[in-house]
Amino acid sequence: MQNDREWAVLCSDILGDPALARDPRFATNSDRVEHREEVAALIETRLTGRSAEEVEDLLETAGIANARLRDVADAAQHPQLLARDRVRSVATPAGPVRALRPPMLNETRETAMGAVPAVGEHTAASVLEWLGLGAEPSQPTD
């Protein structure tokens, strides 16, 4: 919880135990940090059986700041990313994958989202460029 007011609301409105807010182990943020494992166990026990959506709704209704921890697959399906058209399909040697567009977008043109190269695909050209030879072998001079 980001403050003691939210902790008290969580205890009374969501966990159903207002006395927890006055428990000396949990009364202040410092106390809750010191007893972090106990706090986590209490919350997990009281919320067992509720879906993430249900808990999120309870927190929103109670006015408690919150955010869902998402795995990579969930993050790629985040409603805001989809609503803001932030995801593109990109070709890879193993088939297409979903990729996020860069954070800085240009309103006048589409972001370049080229294919992912195969392992070693650009090695020869990169080595030649690094050696200062360019992409083509240099011509002998007379």
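This is a predicted model: local features need pLDDT of at least 70, side-chain atom pairs count only at pLDDT 80 or more; totals for chains, interfaces and linings use all residues.

Reply: At the start of helix 1, the backbone nitrogen of R5 has a side-chain oxygen of N3 within 3.2 Å.

Helix 1 spans residues 4–14, and its buried residues are E6, W7, V9, L10, C11 and I14. The cover over these buried residues includes three further helices: helix 2 (29–34), helix 3 (36–47) and helix 4 (52–62).

The structure holds 1 aromatic pair. It is formed by W7 and F26 in an edge-to-face arrangement, with 6.1 Å from centre to centre and 65° between the planes. This pair links distant parts of the chain, since W7 belongs to helix 1 while F26 lies in the loop between helix 1 and helix 2, 19 residues apart. Both partners, W7 and F26, are buried.

After helix 1 comes G16, which has a positive phi, near 70°.

V127, W130, L131 and L133 make a nonpolar surface patch of about 450 Å². Of these residues, L133 is located in the segment after helix 7 (123–130). L133 counts as partly exposed because its relative accessibility is 39%, and the partly exposed class lies between the limits of 20% for buried and 50% for exposed.

Key:
Residues are numbered from 1 along each chain as its sequence is written. Side-chain values use heavy atoms; hydrogens and water are left out. Buried means under 20% relative accessible area, exposed over 50%, partly exposed in between (1.4 Å probe, protein chains only). Helices (H or I, at least four residues) and strands (E, at least two) are DSSP runs, numbered from the N terminus. Contact means heavy atoms within 4.5 Å. A polar contact is a pair of N or O atoms within 3.5 Å; within protein, one must be able to donate a hydrogen and the other to accept it, and residues adjacent in sequence count only if both atoms are side-chain atoms. Patches are made of residues with over 30% relative accessible area and no salt bridge: like charges are joined within 9 Å, nonpolar side chains (Val, Leu, Ile, Met, Phe, Trp, Tyr) within 5 Å. Accessible areas come from the Shrake-Rupley method with a 1.4 Å probe; for residues, only the protein chains shown count as cover. A salt bridge is a side-chain nitrogen of Lys or Arg within 4 Å of a carboxyl oxygen of Asp or Glu. Rings of Phe, Tyr and Trp (its six-membered ring) pair if their centres lie within 6.5 Å; planes under 30 degrees apart count as stacked, over 60 as edge-to-face and the rest as tilted.
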